[in-house]
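The following exercises concern a predicted model. Each task is followed by a solution in steps.

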Amino acid sequence: MSDATLALPAGPETRKSDVLTVATTVAGIAGFMVIVGLFAAYLEVRALAPVWPAKKVSLDNYLGTTLTLTMLMSSVTAEWAVQAMKIGNRRHALTALALTPGFGLAFLNLVWYLVTKVGFGPGSHPYGALFYAFIAATVVNVAVGMGFLIVALLRTFGHQVGPGNTSVARAAAAYWHVVTAGWVLTFVALYVFQHR
Amino acid sequence: MTLTEAPPQPAPSAEPASEPVAGGSILTTADHRRLGRLYIGFALLFLLAGGIVGGLLQVELAGSGVQVTGNAFARLFSFHATVTPLLFLAPLWVGVATAVVPGQIGARDLAFPRLQAFALWSYVVGGGVVVAAYIVGSPRGAGLTLSVPVRVAGASSTATDLWIAGLAVVSIAALVAAVNLLATIVTLRADGMPFSSLPLFSWATFATAAVLVVAIPTFLGGLLLLYLDQHFGGSFFAVGTRGTQQVWQHLLWLFGRPEVYLLTLPGLAVASEIVETQTGRPLVNRNVAMGALGGFAILSLGAWAAGASASTAVVLPTYSALTALVAAPAGVLVLLWLGTLREGRPKPNVTLFYVVAWLLLVLFGVANTIIAAAAKVNAGTAWSTGHLHVVVLGAPVLLGFAAVHHYAPRIWGRALHQGMGGLEVLLLLGGFLVMGLADYLLGYDGAPWHVADLINPKSSWLALEKLGTAGAALVLLGTLVFVANVARTVAGGRGAEEVSA
Amino acid sequence: MLSHANKYLFALAGFALVGFAGYGIAVGERAGTFLLFGLFVGASAVALVVTGATVGEPVPEPVAEGEEATTVVVESGSTARPSPWPLAGALVLGLAAVGTAVDGRLLLAAVVAALIPAGGWLGQVWREHAAWTDRLSARLEDRVLVPVALPVGMIVLVLSIAFAVSRVLLALPEKGSTAGALVIAVLVLFGLSLIAARLPRLRSSALVAVAAVAAVAVVAAGSVGAAQGERKFENKGESGEPVFDVTAFNTAFNLKSITVPAKAKKFEVVFDNKDGIYHNVAFYKLDGTPIFNGKPLPKGVEKFEVTALPPPGKYEFLCDFHATLMKGDFVVK
């Protein structure tokens with residue numbers, strides 16, 4: 001069964017390269033939905049708890065804002081990488097592809113610091129459980145996203161991803177944008193809706 | 001110069017491979033047909049495990065006093081209730097889809113073949129972890145049928161943690177498979193195949209995958225909260241913490257309820273394809289069929305919102321409007337099948353018998369639902385057990401086995417044995433009817449569910465439980481015949497016709 | 001024009017939206033309402049992705065009467081190359097799952113170990129790229145893979161075996177562990193000499209099978225040993241007084257009883273609070289008179305000595321915060 005005869009004139013070659021982007025974006029949406037579920041739980045428990053957040057707990061707005069700004073910047077650099085790759089500017093693409101997981105690493109570092117500073121554990125109270133659940137889900141999302149980006153970086157370095165073949169970078173950036181959206185939702189829960 | 005011998009690998013070519021590649025061993029294969037077979041094999045293995053344990057439970061109930069299971073009833077029950085839907089039914093459909101969908105849409109393979117292998121092995125490993133949880137102890141912290149997680153400190157916590165972690169791995173595996181199938185159907189259809197021309201099974205797979213992608217993650221979120229609570233000794237799900245019981249119900253059932261229907265949805269599509277194949281003509285109205293399948297998937301989400309306001313049982317056994325609505329698309333499909341059967345001349349085939357058996361079983365379940373509504377049966381009686389076994393287990397099993405029969409030529413290159421198939425249908429249908437009848441009758445009489453032993457049972461109750469045990473034995477027998485049938489086909493048995501794929 | 005897929009996905013999103021509005025008005029419970037809204041957002045996002053991926057798809061002309069429909073022949077046969085990395089990745093995921101239940105260090109090990117299947121998979125995908133040649137492959141192996149992977153791999157293998165065997169030996173009782181060590185040594189010696197003697201005639205598949213069985217046995221035994229926990233070692237403090245390791249985890253003590261010989265003048269308690277909540281170790285006579293109240297700890301390890309031993313008899317120890325859940329017998333004899 002090897003004589004392939006196309007019945008229709010060949011359409012624009014868009015579909016094959018979209019596979020990766022479709023898959024990673026849908027996977028990103030799945031990661032986002034985890035945060036959605038936690039957000040729903042957060043709203044409910046927060047409204048019914050006698051005290052919210054738990055006693056002696058206060059999240060420093062500075063940390064939260066810095067985390068959010070870092071993620072937003074990283075989304076910008078991710079998109080920058082894709083655009084640079086499309087126009088063939090390899091240096092910019094590599095720089096941006098290196099910066100984005102760099103921001104991710106900075107994000108994770110600050111999250112680690114936040115966790116050491118909060119002074120409660122996941123078992124301390126319901127607020128603690130939700131807080132750590134948000135953090136765990138975010139860390140997993142960010143780690144996976146960084147993995148995608150580093151793969152894209154390595155393959156760009158190795159000349160396997162370039163102007164004619166941007167799908168790997170496009171896919172990694174798309175996943176990263178959804179991860180940023182997930183963090184923004186977490187930020188809204190933990191910081192904007194911090195008090196009742 | 002290489003200093004060491006390069007590991008054996010297919011030689012990389014200058015162009016992307018255009019020739020089919022030899023399969024590699026079972027552990028390393030990425031061929032979607034082999035992966036599908038592996039999925040089916042492991043699913044049947046878990047079915048036997050869960051089914052035998054279920055049989056033990058039934059035997060226990062059939063006599064008064066705690067005999068067979070001793071203290072382990074709750075543990076065995078939880079094992080049975082977790083393994084059968086999540087480790088058998090869902091992976092069975094994933095396996096059939098993995099083997100069949102690429103061929104149906106004209107693609108050479110899935111979008112990410114090795115990712116599907118990862119999904120398969122993650123499912124197997126995760127399933128192993130869940131089973132290990134039951135061996136290590138009794139995961140008493142949560143249960144899929146418990147509306148509220150119970151925090152138990154001490155010895156059971158490792159088992160509970162393993163249970164949660166194992167389920168998380170299995171859910172991630174299902175999610176990965178769903179994303180893969182979705183991406184495949186969206187992007188790899190043969191040129192010139194719009195969605196409206198998709199074969200029905202692929203369409204149903206697409207619809208299922210789309211719902212799973214948004215529903216499974218909320219369950220993962222709930223599992224995460226449960227794990228943090230259990231492992232770190234917290235009070236999130238404690239009785240005193242307000243609102244968290246509802247949180248658990250929502251996060252569990254936003255996935256759980258649709259999942260129950262999504263276990264039937266691919267089966268409805270297969271039944272439609274069986275009707276098409278055996279009558280030799282397409283369905284009288286394909287567009288309506290596609291709409292009905294899509295509507296079934298969408299309405300499966302509606303069934304969740306129905307009972308969620310109650311702080312206790314979300315799953316109401318009695319008639320409820322949104323739940324009943326899901327029956328409408330199924331009814332439309334049945335009418336289409338009947339219309340098609342009338343138009344064409346159906347060849348007698350075991351797959352059609354399976355479809356007829358399914359219809360009988362579902363009608364039996366529907367009839368009892370109406371009776372239960374009229375008799376105002378309470379939640380928490382054996383009626384729910386009967387209904388689960390008829391509608392959530394029996395009906396999808398019939399369609400699932402029908403799918404394996406129908407697609408066997410594509411999956412193994414050989415058809416399954418027709419005669420054995422007929423025997424399977426009789427045993428399974430008979431078994432589910434008898435088992436269901438016993439539990440329904442017990443429910444009408446007020447017998448409770450989820451107990452190891454009926455305290456102060458009426459004599460009729462024990463007799464009915466024995467009847468249920470007989471039914472369960474028939475089901476087990478039918479399953480064994482099916483497994484034997486598949487095994488003989490895999491081994492290239494005598495009497496299995498060679499069919500060109 | 002919307003394809004069936006888009007109609008379905010947008011209908012799904014629409015249903016979620018209607019559900020959100022209806023549920024919010026009818027029931028008003030926060031979690032459910034927000035979940036339905038989130039469902040609407042998620043389904044819409046998937047719908048948009050699919051729309052983006054399928055926009056511009058050519059719709060085939062319907063075949064006119066009498067015209068033969070043209071056939072598109074599709075090549076069959078999978079082109080996916082076999083790969084051990086999906087299985088390896090699944091095993092690492094399983095290890096992580098077990099680690100979350102049994103020991104956090106396993107989880108950490110799994111996270112680090114995840115680099116192996118990830119790297120291997122990437123390597124395979126890399127080699128499959130059109131521009132990759134045999135020569136590049138050989139160079140990469142010579143210069144990077146073998147010099148790094150081989151030593152690292154050996155070290156990891158040795159450490160894993162050592163860890164697994166140590167868990168087994170620690171879990172066995174004292175005499176049993178000596179016997180166990182001898183058995184393992186004999187097995188290894190004879191097994192390997194057997195293989196060495198027959199080496200030219202052994203098929204590689206047989207060797208792989210033996211290695212696989214050995215690996216599974218080592219890992220299984222090590223896991224069981226780790227789960228069992230170490231056997232009790234008699235702890236002697238500096239001046240020979242008994243030392244007890246008391247751990248608080250999941251609102252429970254690890255010890256059900258503490259027995260001190262009457263002739264000891266004091267004993268030491270090493271208290272480890274693994275929970276994030278306050279616990280302590282307090283000793284009481286059965287009528288409620290306190291003997292010693294240890295300092296409450298929110299988390300961490302603290303050593304303290306108990307010097308005023310009561311006369312021989314039965315007493316109890318408990319956590320002042322969770323006296324019903326965390327208690328045991330304290331016996332002086």
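**Exercise 1. Domains of chain C**

Task: Determine how far apart the C-alpha centres of domain 3 of chain C and domain 4 of chain C lie.

Solution. Begin with the domain bounds: chain C is divided into domain 1 (4-54), domain 2 (85-132), domain 3 (148-231) and domain 4 (243-332). For domain 3 and domain 4 of chain C, the C-alpha centres are separated by 40 Å.

**Exercise 2. Composition of chain C**

Task: State how many helices and strands chain C has, and what percentage of its residues is buried.

Solution. Counting the secondary-structure elements of chain C gives eight helices and eight strands. Next, take burial, for which a residue needs 20 or more other C-beta atoms within 10 Å of its own. Of the 333 residues in chain C, 25% are buried. Finally, consider the contacts in chain C with a separation of 6 or more: 59% of them join residues 24 or more positions apart.

**Exercise 3. Composition of chain B**

Task: Describe chain B by its elements, its burial and its contacts.

Solution. Chain B has 14 helices and zero strands. Its pattern along the sequence is accordingly written as α-α-α-α-α-α-α-α-α-α-α-α-α-α. As to burial, 62% of the 501 residues of chain B count as buried. Among contacts in chain B with a separation of 6 or more, residues 24 or more positions apart account for 84%.

**Exercise 4. A helix pair in chain B**

Task: Classify the packing of helix 2 and helix 5 of chain B by angle and handedness, and identify the residues that meet.

Solution. Two packed helices are described by the angle between their axes and the distance between the axes. The axes of helix 2 (residues 73-105) and helix 5 (residues 200-231) of chain B come within 9 Å and cross at roughly 120 degrees. Helix 2 of chain B is therefore oblique to helix 5 of chain B. The crossing of these two helices is left-handed. From helix 2 of chain B, Ala97(B), Val100(B), Val101(B), Gln104(B) and Ile105(B) take part, and they meet Phe201(B), Ser202(B) and Thr205(B) of helix 5 of chain B. Sorted by class, this contact comprises five nonpolar, three polar and no charged residues.

Terms used: Residues are numbered from 1 along each chain as its sequence is written. Chains are lettered from A and ligands numbered from 1 in the order in which they are written. This is a predicted model: local features need pLDDT of at least 70, side-chain atom pairs count only at pLDDT 80 or more; totals for chains, interfaces and linings use all residues. Helices (H or I, at least four residues) and strands (E, at least two) are DSSP runs, numbered from the N terminus. A residue is buried if 20 or more other C-beta atoms lie within 10 Å of its own, exposed if 12 or fewer, and partly exposed in between; C-beta atoms are placed from the backbone. Two residues are in contact if their C-beta atoms, placed from the backbone, lie within 7 Å. Axes are lines fitted to C-alpha atoms, for helices over the stretch in contact, and angles run from 0 to 180 degrees between N-to-C directions. Angles under 35 degrees count as roughly parallel, over 145 as roughly antiparallel, 65 to 115 as roughly perpendicular and the rest as oblique. A crossing is left-handed if the near helix is turned anticlockwise from the far one by less than a right angle, and right-handed if clockwise. Ala, Val, Leu, Ile, Met, Phe, Trp, Tyr, Cys and Pro count as nonpolar, Asp, Glu, Lys and Arg as charged, and the others, Gly among them, as polar. Domain bounds come from an automatic or database domain assignment.
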